[in-house]
Amino acid sequence: MDRSKLYRRFRTLLIANRGEIACRVIRTARAMGLRTVAVYSEADRDAMHVALADEAVLLGPARARDSYLDVERLIEAARKTGAEAVHPGYGFLSENAEFAQACLDAGLVFVGPTAEMMTAMGSKSGSKALMEKAGVPLVPGYHGEAQDDATLAKAADKIGFPILVKASAGGGGRGMRIVRSAAELAPAIVSAKREAKAAFGDDRMLIEKYVDNPRHIEVQIIGDSHGNLLSLFERECTLQRRHQKVIEEAPSPTLNAAQRETVCAAARKAAGAVSYVGAGTIEFVSDGKDVFFIEMNTRLQVEHPVTELITGIDLVEWQLRVAFGEALPMRQDEIKLNGHAIEARVYAENPTRNFMPSVGRISTWRLPAETGGLRIDAGYREGDSVSPYYDAMLAKMIAWAPTRDVAIDRLNRGLEDSDVRGIVTNIPFLSALITHPKVRANAIDTGFIERELAVLTQAPSAPGELELCAAVAAIVNDERQVALGEAASPWQIFGWQPVGRRQRNFAFRVGHGSEQKITLNYGSGPSTLVIGERELAFTVAPKDGGFDLTLDGVKSSVAVVIDGHELYLRTRNGRFDLHWVDPFGGESEEHVGEDKIAAPLPGTVVAVLAEEGAELEKGAPILTLEVMKMEQTLRAPYAGVLKSIKCKVGDIVQEGIELAVVEASGE
């Protein structure tokens, strides 16, 4: 084929994606002088990537299959706006060979590999056959075309348990299950196929030997249309949950220089098997001694910034230059490794509720400035809404430093200095994870998070003297700002009174715990706070995002977000969420009992796993919802009888809707 049809200079780029990656591509494209076109669904009308682009086209309804996965609508959007090229980002159609071919057929440059390369390497089973032929080491497994239950069961038995059942197409941990016995195999295949079909439109499975306590190592590669193929060192992606990466770093602290060259050479050999063009990643699993090829991602990875920070290379810029038909600007020996980088994925999810996705409006968005070796790639802003229809990643925080220890410290400081409210995020969890002594010592494997989950999600410490005083100061400071803004009488402003002293009582509660009381004395003379028998002099100096609190002569910086009666504080002791028990505020709260089997978020019922009238043990699965492209199984809160199921497969249910009723044993 004439390569000028595949790779040529263009001026207008359509980004066939959303969120953080769309914003990331737009920034580099605009810096290169390109005109950018965004696409969006009805749920993303006011999204950040829409605002950043020069032009934006509505694709359709919120569901991805009716918008971001609709090939015809994407091609039409390019035609309408005069776009000459398409960047697929990651996820959605980024590894879909039919989409790559449709772009070519429409006369568009696809910023990525050809459909043929994508087909060869995008299929986990097909790529393994290629790697075997090329001499790249593989994990023992079954990668055949036959997909009937008997064939898969026979293959699993031959390989030996434990095994890994995983989708042949796609990635991101979707359509993947660990199976430790023959009895678990059939339901795992059914569930994995259903999830893979929903996520990728392809339910073909492969089976591999599951490597216990493995490490996940991957190598960034990029090739051009002139036959040049480079590796840009490796990344360690071992810290995962449900096969989804959480923390990534480069280079791998596990490999020495000789091992690094060996795995990078294997990655170049793997990509060279299809004369690969574009950016891609070769993924390996290690048992501590050997490294085995597991798959290739024929696209840019979420974690590409850590590679950019240790090499000084803008991978999106190189992707676009390769798409222009240019040769790569460096040789392999010119790519130098500099320092260490580590990345944390910030998600809208609740780690204390099994990482349930969180939806709603972002009322507060405070992330630190990108200085001192800190980089933030975000797809959201204050005021944006997080919908239940897409992946819950809000941003990535990446830190670079000359050494790994300093990079971890910088990343942790960045996380500690972040406040995102209105939705629940995993920021405290990420901070606890990267500061765990075993993470610092690199004594980890892919099962580390699950084993340490109780420690990583433990409740924060109870607020102490500093936090209770800060809570009072936060309320009074907020009231003072409101009063000043309304040009109030000086008698309404805290701290001013011509004669005498006044007293004001406060009470705070953490969760459903007992109230903690504190008294404010103010008026003529210094203001004081009384906790128990102690009386403390204090002053407050407001600043952006909080205030400086001087308590008995010691000044402390306090960050605060106030949302009604909820106070979110950051002090030197950590993060604290307090409820202000206001006697005049109307303390009416509704609490949904943990025994209620209700939809935690809007979703689709994809499986009913128990029958009405069935005797259930505590924790028995009842039904499965698809929420934010991930399956969530709702289970019996206690032993009892399943009295009724109030939904059926295919139902779209809203948050809080009761889906089933279990009558406890003995009632």
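Helices (H or I, at least four residues) and strands (E, at least two) are DSSP runs, numbered from the N terminus.

The model is predicted, so local features need pLDDT of at least 70 and side-chain atom pairs count only at pLDDT 80 or more, while totals for chains, interfaces and linings use all residues. Residues are numbered from 1 along each chain as its sequence is written, and side-chain values use heavy atoms, with hydrogens and water left out.

Next, display the open sheet of 4 strands, ordered β6-β9-β7-β8 with antiparallel pairing. Two strands pair if DSSP finds at least two bridges between them. At the edges stand β6 (141-142) and β8 (176-179); each has a single partner strand, so one side of each lacks a neighbour in the sheet. Strand β6 is joined to β9 (residues 205-209) by 2 bridges, and Y142 stands opposite I207 in β9.

Move to E218, in strand β10 (residues 215-223). This residue is buried, with a relative accessible area of 0%; buried means under 20%, exposed over 50%, and partly exposed in between (1.4 Å probe, protein chains only). The side chain of E218 makes a polar contact of 2.7 Å with that of K245 and another of 3.5 Å with that of Q301. A polar contact is a pair of N or O atoms within 3.5 Å; within protein, one must be able to donate a hydrogen and the other to accept it, and residues adjacent in sequence count only if both atoms are side-chain atoms.

**Q240**

Select Q240 in strand β12 (residues 240-241). Q240 is buried, at 8% relative accessible area. A polar atom of its side chain lies 2.8 Å from the backbone oxygen of C237. Beyond neighbours within four places in sequence, Q240 is in contact (heavy atoms within 4.5 Å) with residues including H216, K245 and T446.

**The nonpolar cores**

Finally, colour F10, L394 and L433, which have the most contacts inside the largest nonpolar core, of 102 residues. Such a core is a set of buried Ala, Val, Leu, Ile, Met, Phe, Trp, Tyr and Cys residues joined through side-chain atoms within 4.5 Å. A second, separate core of 29 residues includes C469, Y522, F547 and F576.
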